[in-house]
Amino acid sequence: MKRDPRDLVRYTAGERINHWIVGISFILLGVSGLALFHPAFFPFTMLFGGPTWTRILHPFLGVLMAVFFVFMFFRFLKNNLMRRIDWQWIGRIGEMVDGSDETMPAQGKYNGGQKLLFWLLALCMLLLIPSGILLWQVYFDFSVEARRWAAVIHSAAAVVMICLIFVHVYAAIWVKGTIRSMWYGTVTRAWARQHHRNWYEEVTKS
Amino acid sequence: MASLDIQARSATTTPSPGVRDYPDVAKLIDISKCIGCKACQVACMEWNDLRDVVGENTGSYQNPPDLDAKSWTLMRFYEVEPEPNRLEWLIRKDGCMHCADPGCLAACPSPGAIVKYSNGIVDFNQEHCIGCGYCITGCPFDIPRISQTDHKAYKCSLCSDRVAVGLEPACVKTCPTGAITFGSKPDMIDYAVDRVRDLQGRGFKNAALYDPPGVGGTHVMYVLQHADRPELYGLPQDPTISPLVELWKGVAKPVAIGVMAAVGLTALFHYITRGPNAVSKEIEEDEERKAKEEQQV
Amino acid sequence: MTNHWVDIKNADVIIIMGGNAAEAHPCGFKWVTEAKQHRGATLIVVDPRFNRSAAVADVYAPIRSGSDIAFLGGVINYMLSNDKIHHEYVRNFTNAAYLVRPDFGFEDGLFTGYNADTRKYDRDTWDYQLGEDGYVQIDDSMQHPRCVLQLIKRHYSRYTPEVVSKVCGTPQEDFLKVADLIASTSTPDRVMTIMYALGWTQHTTGSQNIRSMAMIQLLLGNIGRVGGGVNALRGHSNVQGITDMNLVTNVLPGYMKLASDDEQDFQAYLDARSPKPLRPNQISYWQNFPNFWVSLSKAFYGDAANQYNNFRYDWFPKLDQPYDVLHMFERMYQGQMNGFISQGFNPLAAVPCVQKVREGLSKLKYLVVIDPLATETSEFWADMGDYNEASPSEIQTEVFRLPSTCFAEETGSYTNSGRVLQWHWKAADPPGEAKPDTDIIAGIFYTLRRLYEDEGGTFPEPVVNLSWEYGHPMEPAPEDLAKEFSGRALADVADAGDPPVILAKAGEQLSGFGQLRADGSTACGNWLYCGAWSEGGNLMARRDTSDPSGLGFYPDWGYAWPANRRVLYNRANCDMQGRPWDPTRATIHWNGSKWVGNDVPDIKATAAPAEDVGPFIMHPDGVGHLFALKSMAEGPLPEHYEPFETPLPANPMHPDNPLALNNPATRIFAYDREQLGTADKFPYVATTYRLTEHYHYWTKNVLANSILQPSQFVELGQELAAEKGIKDGDQVKVMSNRGYIRAVAVVTKRLKQLDVDGRKVHTVGIPIHWGFIGVAQKGFLANRLTPFVGDANAQTPEFKAFLVNVEKIVPTAQA
């Protein structure tokens, strides 16, 4: 449903569902993971039916997220290939952070920062999935040394990923008019023109 | 054990109740007196009501083939030739070493699932165990085992229930040759000095006590004929908690929280200093104008 | 044991040979560790296998199974050649100085008097030279060519270190190290103890294995000494008790030899067993045989036995032929036996050659098994595939299983290896219908007696007149039985003084075998145990842990036979003046008027040293027998003979005399000789043994033990395994000429390939504990492999040296 027929479709329903499955499982994973990572967060285990349930559920949530992350990865891959202009954009990210993005190089569907985030998240997942399997000792029996490495890699990658998602979420909040694109799929033309001018040109040309 | 006697507790960052002084206890296993009779294995089974499966011989005297959730101690047999043509059959009672600096406790994410009593005994509280297996990664001696039935971690408790009421561990009680002795750690070290002297007199020049400092010393110690080569007995030369585990369970925790908090706070302060990044009035008006034009067309 | 368990802690050198104390006697082994730790003792292990005793030994020497006499003969030679004997002890306390008949000889592996047809010796020449006074002639200088010491010197001069190494496969330097350590105890301040068990007895030369070591201990002056002696480690907590009660067919309780068929005259029977002293002033304690025998008969028959009917000598069985276990099963196999009562005995597993035993049991009309557990014997008829190839439809034997109690379900006494009788108390009720053995026997007795009374039969008197004076005749109380074996006065018992002093009033319990009388005034079920339950009460139940000497005698703990004596022959711990050889380890000493000290003197308390009463009071000459006279079947001096299955073509000691290949006096039945294998088909020496995790065939019924050693295995040396392409954990088949077993291979460095007489000899180790009953994995009875032949004296079966072949079982793809 379009609020305004002139609004531009940024995400299809399928993409939104995929995003939110990944998003929700990420939140659950983050919370349960932190609960097992640091005693300060251990009370979070109560959200999952207790500590043992937390231990049981976390890896299954991980599988869920991994599968849908892979779908999402391939859905969004084409739009996230890094181009020279993206690097230029990243080079001038200070201006963006300052809040004056109108002078920044015109961007396609995703700006350089978003693309970089995409690749960093993918890298985190690339580390989290195998290390998570190594640690899933109920079903897998790997050497103790491998599990030690896995524990370090898994927690480091998870922390990085959490920070990246903080940035991701904050960016969505900060840039007004963005969140609706993941709620009902559309953005205003003005939003698109300001933040993703090339994409705007592309989708309004037709 | 009374709750006051706890010195350290897994996944707990504040001190545990522990004002009472309690002497460190230790079990001393004199390998030179051990005849590998496995009576300790039976005593352990009986006291703890454990019965492992009747397995199969796999080509060794060592049965069951490995420690597991139902076998907390195990005689390991090593046929070695420390010098050419001098065969020795070293028989080591394997089980938890009760480290002063227990890696399992450091690695455990569940508060109170692993405790170190103030007498030095490291004990697992299975009702708090979540079955993650991190204790295994923390242990430099490869001791804890996760049960395949209840997915809890198990290992030798040094009969903390017996010791609490003034008894020696069941294996010590049953050992027919006195190869296993139990007492305060200083007494056991004194006793070991005598044993080492006897062994040195019998030609074992490198006989010594195995009380590895890398884990802060242990509350299960060995008298070894060849202490210069603990690997002959399947023991690590200089056991420590793995640096990976130290990193993971040590500095990584505060750093991670700091980083995450910093990112979050940065975002917050960014927002309140820079304000929202809204679409500029100019573009908005221009788009509205375009919309009107289109409507008119 | 001449000594006792705790005493091992007092030794300076401990040798374990023909046994594996750490594994088979782990609890008693604590005293070895005590001796090592607190006395700095040296532990030697000589064994075909580097076993768990060897694991804690200071010195280990490998030996080919069945060659112990060669090794020990070598030690004797080493001691004599290097003058490492205890001269004063040897001269005074052994028969070293005694002269042997001039017509005694040894040639080409045989002693004088051999009859190859009967495989028996005429032992007449194996005797002393007696003087006209009836006493043995001696030469105190021990230089006379016919004196025992010189005979021994000559006999063992052949056993040089080279020969020992050639026969035993023991590297010479290992042998010399052991010999030197043993010889180091010839000084009065050093003592050695020997711990042996079935590794010596279960050979066709079993008795002589032990005698060889007894000779060494005599030459070293180690018998009668604290920390010394010759110590048999008994396999079961009460096997010493069963031996003392003599539940065998040729001896009565207290080692009183049964009459043979040609001894119908009572007085002659007593006289033959009451030898006169062979030297002046000797005690020759067996002269009390009539006191013991008559008291036993009074315990058997009460008032029915008196001096007018020769105390019912006629009711006692007389041996017409041997009835040892091998003979019994031979007879069963021949179909000459109708019924068999198997009480606490699992012959299918414990008698050699399962196939023969099973066939024998199949020919019985009935088999009664009295046991707490189902045993292989009680299920001998069951078809268990190749674990037990029986066809039940063809077996007509009726089997009765009478469940009995386990040790914790009954009260009674145990006699341990150290001869200490210890009372124990029932701790639990038996399950189901299980009853104590005594109740079962009482039931059988009452039924039999009623049948005899009602129906008569052949020779009913010994049964219908049996004395059965127990409070509850159908359930004889252990206390009643203990009082009976300990003995009581039937009339007042007086000493021989003037006026006589009453030692025990009629009806009182006796306080020792010195009070037994041949006139029918005393009744005693076993003279050795006399006094165990005195008027002072049940001395076996004493649990006083005080040890005034600090030497571990614990005189008020239980009751040691004889006379609560803890070290036998303890007179020998003193020199000729009655001063202890080592005052720090003294049993008794002469205080100027009598023998006193930490132990009960094993000599008349007032026999002054000057009287020269020998310490070996059971012998007519009062001394220890280096030369065994006529007591052994195969010779008065141990000689090496090959096992009946040997890897060698000839006895390396006597390569040219086929009669001297194996023990010439060993009995072997025709069928069993045919069953012997030869080295061309069965090239490897096999030996069976026990593991510390199990007790015989019992603990495979126990879950904990079965977890510790779940399934059958055999041990193979690395060299043999490499030759055969066998790896650790492979399935192998081990075959003798009598049968086969399948097992997992444990490949080990601990079984060394030995170089014997120029040949490579491999040893295959076969633990015995598996069978087809129990909670452990099913396995094969190891005696499927072993030969049906025993020791020439005791008929103890050969389980320790026989020939096998080994092959790897290649797993076939399952259809």
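Is the crossing of H3(C) and H5(C) left-handed or right-handed? Keep that in mind as you set up the view.

This model is predicted, with local features needing pLDDT of at least 70 and side-chain atom pairs pLDDT 80 or more, while totals for chains, interfaces and linings use all residues. Residues are numbered from 1 along each chain as its sequence is written, and chains are lettered from A and ligands numbered from 1 in the order written.

**First stop: two helices.** Select helix H3 (residues 68–81) and helix H5 (residues 148–156) of chain C, whose axes come within 9 Å and cross at roughly 120 degrees. Helices here are DSSP runs (H or I, at least four residues), and strands likewise (E, at least two), numbered from the N terminus. Axes are lines fitted to C-alpha atoms, for helices over the stretch in contact, with angles from 0 to 180 degrees between N-to-C directions. The crossing is left-handed: the near helix is turned anticlockwise from the far one by less than a right angle.

Now show C:Gly73, C:Ile76, C:Asn77 and C:Leu80 in H3(C), which meet C:Ile152, C:Lys153 and C:Tyr156 in H5(C). Contact means C-beta atoms, placed from the backbone, within 7 Å.

**Next stop: the sheet.** Colour the strands E3-E2-E1-E8-E9 of chain C, an open sheet with parallel pairing; strands pair if DSSP finds at least two bridges between them. At the edges sit E3 (59–62) and E9 (230–232). Zoom in on C:Val46, opposite C:Ala61 in E3(C).

**Last stop: chain B against chain C.** Select the contact, with 30 residues from chain B and 36 residues from chain C. On the chain B side, H1(B) gives the most, with 4 residues.

Terms used. Two residues are in contact if their C-beta atoms, placed from the backbone, lie within 7 Å.
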